[in-house]
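Here is a friendly note to read alongside the model. Please keep the sequence and the 3D view open as you go through the points.

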Amino acid sequence: ERAAAMLPGLSTARDRAADALDAATELASRRNELERLEARVLQLHSEYNDARDAHLDVRQRRIDGMAAELAARLTDGEPCVVCGSTEHPEPARPAPDTATKADEERAHAAEQRAATALSEAREAVTELSGIVAVLRQRCGDAELAELTTAHAEAVRAHNEAATVAGRLDHLRATVEDLRKLDTVLAEQEKRLDAELSELAREDAVRAAEITEIRERIVEA
């Protein structure tokens, strides 16, 4: 009966130990995954900085060559959009490293792609960090070997109690049979006591008769 009463608590302890062991097992792989993601974030952050610097450089080179870009649009006889003159005696010429609008757009697109990749990687790290925190809470941040031993002990204690508690119905039935037998034997004992009492009375009568007969024999 004590084993049966302990069984629910032992079942809960076994299940908690199993959950902690599962969490610790998963935590080991999740930590490795988190480390890889964090390293990936550092790499993407560096790539984003490079892409941003490249974009700023292209933009600055385009600004520096803006006069040449405007000069390329000049047409003889048409007024300049800057000064309004219809004569263009010395239009600016582009420098060797002058960037075009297309160059700036490509650099901007590269920066945006790098920013998106970095943002997605950071979100993945945040999500995985939350998962790791939950797993650490579930396993108590204990060592895997310790939790393996604790789980094995919890399983052993539960199985041992379950084996003992499994005999409860049989033992209760046996106790009930013995109680019934005790009642039957008690009734038989009462009958035998009554029979013994009756035999004792009869024996006393017979003894008295024998004594009387012997006295009569002696007298005769």
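**Notes on the predicted model**

1. **One turn of helix H1.** Arg-30 and Glu-33 sit three residues apart in helix H1, which means that about one helical turn separates them. Helices here are DSSP runs of H or I with at least four residues, strands are runs of E with at least two, and both are numbered from the N terminus. The pair forms a salt bridge, with the closest N and O atoms 3.5 Å apart; the term stands for a side-chain nitrogen of Lys or Arg within 4 Å of a carboxyl oxygen of Asp or Glu. Arg-30 is partly exposed, with a relative accessible area of 23%, and Glu-33 is also partly exposed, at 30%. For these words, buried means under 20% relative accessible area, exposed over 50%, and partly exposed in between, using a 1.4 Å probe and protein chains only.

2. **How to read the model.** This is a predicted model, in which local features need pLDDT of at least 70 and side-chain atom pairs count only at pLDDT 80 or more, while totals for chains, interfaces and linings use all residues. Residues are numbered from 1 along each chain as its sequence is written, and side-chain values use heavy atoms, with hydrogens and water left out.

3. **Confidence.** The predictor's confidence in each residue is its pLDDT, on a scale from 0 to 100. The protein chain has a mean pLDDT of 87, with 85% of its residues at 70 or more. Among the elements, the lowest mean, 62, belongs to helix H2 (residues 66-71), and the highest, 95, to helix H5 (residues 168-219). Where pLDDT is low, the predicted coordinates should not be read in detail.

4. **Overall make-up.** How many helices and strands are there in the protein chain? There are five helices and zero strands, so the pattern along the sequence reads α-α-α-α-α. Of the 220 residues in the protein chain, 19% are buried. The chain exposes about 16,200 Å², and carbon and sulfur atoms supply 53% of that area; accessible areas come from the Shrake-Rupley method with a 1.4 Å probe, and for residues only the protein chains shown count as cover. Among contacts with a separation of 6 or more, 84% are between residues 24 or more positions apart, where contact means heavy atoms within 4.5 Å.

5. **The nonpolar core.** The largest nonpolar core has 19 residues, and those with the most contacts inside it are Leu-27, Leu-34, Val-41, Leu-118, Cys-139 and Leu-147. Helix H1 (2-64) and helix H3 (101-139) are the elements that give two or more residues to this core, and H1 gives the most, with ten residues. Such a core is a set of buried Ala, Val, Leu, Ile, Met, Phe, Trp, Tyr and Cys residues joined through side-chain atoms within 4.5 Å. In soluble globular proteins, nonpolar side chains tend to be buried together.

6. **Two residues and their neighbours.** Leaving out residues up to four places away in sequence, Leu-147 touches Ala-20, Leu-21, Ala-24, Cys-139 and Ala-142.

7. **Glu-123 and Val-41.** Glu-123 lies in helix H3 and is exposed, with a relative accessible area of 52%. The C-alpha atoms of Glu-123 and Val-41 are separated by 9.9 Å, although the two residues are 82 apart along the chain.

8. The salt-bridge count comes to ten. Arg-156 takes part in a bridge with Glu-153 (2.6 Å, N to O), and in another with Glu-160 (2.7 Å, N to O). Glu-153 is three residues from Arg-156 in helix H4 (residues 144-165), so about one helical turn lies between them. Arg-156 and Glu-160 are four residues apart in H4, again about one turn. Arg-156, at 41% relative accessibility, is partly exposed, as are Glu-153 at 40% and Glu-160 at 49%. Elsewhere, salt bridges with shared partners join Glu-26, Arg-30 and Glu-33 into one network.
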